[in-house]
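Welcome! Take a look at the structure first, then read on.

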Amino acid sequence: MRVVTVTFNPAIDQTVTLDHLVPGAVHRALSARQDAGGKGVNVASCLADWGTAVSVHGLLGTDNAAAFEALFANKGITDRFIRRAGATRVNLKLVDGDGTTDVNMDGTPADPYQIEAVIAAVVEEAGPDALMVLAGSLPPGFPHDIYARIVGRVRGTGALVLLDSSGASLRAALESDALPDIVKPNRHELSEWLGAPVETMAEVHRVAADLHERGVSLVAVSLGEEGAFFLSGEGALTARLAAADVASTVGAGDAMVAGIAAALAEGGTLERIARLSTAFAVGKLGRAGPHLPKKETVQTLADSVRIDTVLAGEEK
Ligand SMILES: Nc1ncnc2c1ncn2[C@@H]1O[C@H](COP(=O)(O)OP(=O)(O)OP(=O)(O)O)[C@@H](O)[C@H]1O
Ligand SMILES: [Mg+2]
């Protein structure tokens with residue numbers, strides 16, 4: 001199975017390490033690095049490390065496309081991004097001994113022709129052997145129903161669609177008649193969609209079961225260090241693995257999405273999906289960027305994941 005990821009709001013993460021951040025003061029950077037990112041790009045980066053064939057779609061500004069092009073060339077990712085004038089947004093991460101201070105930009109509004117061009121390129125790649133991963137926020141002014149429209153357009157081709165988004169675009173996709181096959185909300189995204197806090201495992205189970213009954217075949221709810229909950233026609237289970245080494249929690253969810261895609265590409269069972277996606281996420285925690293450790297390490301992590309079968313009403 002081929003994986004196709006779509007990123008409408010890519011970003012370059014500019015990480016600047018400082019001794020100590022003091023608002024209003026002048027600082028000298030200890031180090032600085034730039035990483036091409038955005039959710040679909042991160043997912044593709046992890047999948048390429050694992051050896052799954054992947055192509056990337058979306059809109060990239062020509063002024064600073066080099067960081068993306070280098071990543072795609074290094075990892076053998078097929079670049080289907082449409083270029084537009086201007087720069088892709090740059091998100092600033094200020095790291096000091098106390099943690100990371102994020103300054104995120106909104107992204108460039110796109111014109112409708114460019115959006116249609118991306119959709120056309122994505123639809124052209126859809127087919128029975130394709131898994132389409134729609135991931136991340138939308139730049140300002142983008143139509144909220146864009147993911148729902150893409151699902152509607154690729155539905156008839158036999159492609160599977162995995163959606164990882166939040167807020168209005170997640171709502172539009174979950175309220176549409178053309179539902180994604182797979183969703184991976186985190187607890188906050190699920191609560192926001194429901195309009196009520198989702199706190200206990202029983203609540204997670206109930207909301208996931210509702211989505212499944214409406215037609216989402218696989219629901220994965222990521223719960224940060226508590227692990228994740230998975231539900232499909234095969235049943236429900238939780239997966240958890242303690243992280244020995246946490247370099248960065250940024251993009252753990254993207255690595256989990258990549259692991260779900262990799263397991264689906266091998267035709268894995270629900271347990272394999274849970275094991276591999278948790279291993280991808282925990283493996284990525286040890287790395288600063290969206291990269292996996294070597295394949296044997298990920299396999300060993302997958303074997304170590306604790307899986308618990310969950311029956312409705314018996315959640316702990
Ligand atoms: N501190 C941690 N210890 C162990 N596992 C973790 C930890 N943080 C994250 N994970 C693993 O990573 C998975 C995804 O993390 P999380 O729920 O934070 O995703 P997310 O909120 O979508 O993240 P993002 O969108 O920032 O990539 C979790 O389900 C879990 O398996
Ligand atoms: Mg996420």
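Helices (H or I, at least four residues) and strands (E, at least two) are DSSP runs, numbered from the N terminus. This is a predicted model, where local features need pLDDT of at least 70 and side-chain atom pairs count only at pLDDT 80 or more, while totals for chains, interfaces and linings use all residues. Residues are numbered from 1 along each chain as its sequence is written, chains are lettered from A and ligands numbered from 1 in the order in which they are written, and side-chain values use heavy atoms, with hydrogens and water left out.

**The largest pocket**

- A pocket is found on a 1 Å grid over the protein atoms alone: it is an open set of points with protein on both sides within 12 Å along at least five of seven lines, and its lining residues have an atom within 4 Å of a point.
- The volume of the largest pocket is about 1000 Å³, counted as the space filled by probe spheres set on the points, which are joined across faces, edges and corners.
- Its lining has 42 residues, and K39, V250, G251, A252 and G253 are those nearest the centre.
- At least two lining residues come from each of strand 2 (11–17), helix 1 (39–50), strand 7 (90–96), helix 8 and helix 9.
- By class, this lining has 15 nonpolar, 18 polar and nine charged residues; here Ala, Val, Leu, Ile, Met, Phe, Trp, Tyr, Cys and Pro count as nonpolar, Asp, Glu, Lys and Arg as charged, and the others, Gly among them, as polar.

**Ligand 1**

- Helix 8 (252–265) and helix 9 (270–285) are the elements that give two or more residues to the shell around ligand 1.
- There are 20 residues around the ligand, with K39, N186, S222, G227 and G253 coming nearest; a residue counts as near if one of its heavy atoms lies within 4 Å.
- The shell is made up of nine nonpolar, seven polar and four charged residues.

- Of its 23 lining residues, T15, S248, V250, A288 and G289 are closest to the centre.
- Strand 3 (31–37) is one of the elements that give two or more residues to the lining, and its six residues are the largest share.

Technical notes:
1 Å grid on protein atoms, 1.4 Å probe; cavity = no way out; pocket = protein on both sides within 12 Å on 5 of 7 lines; lining within 4 Å.
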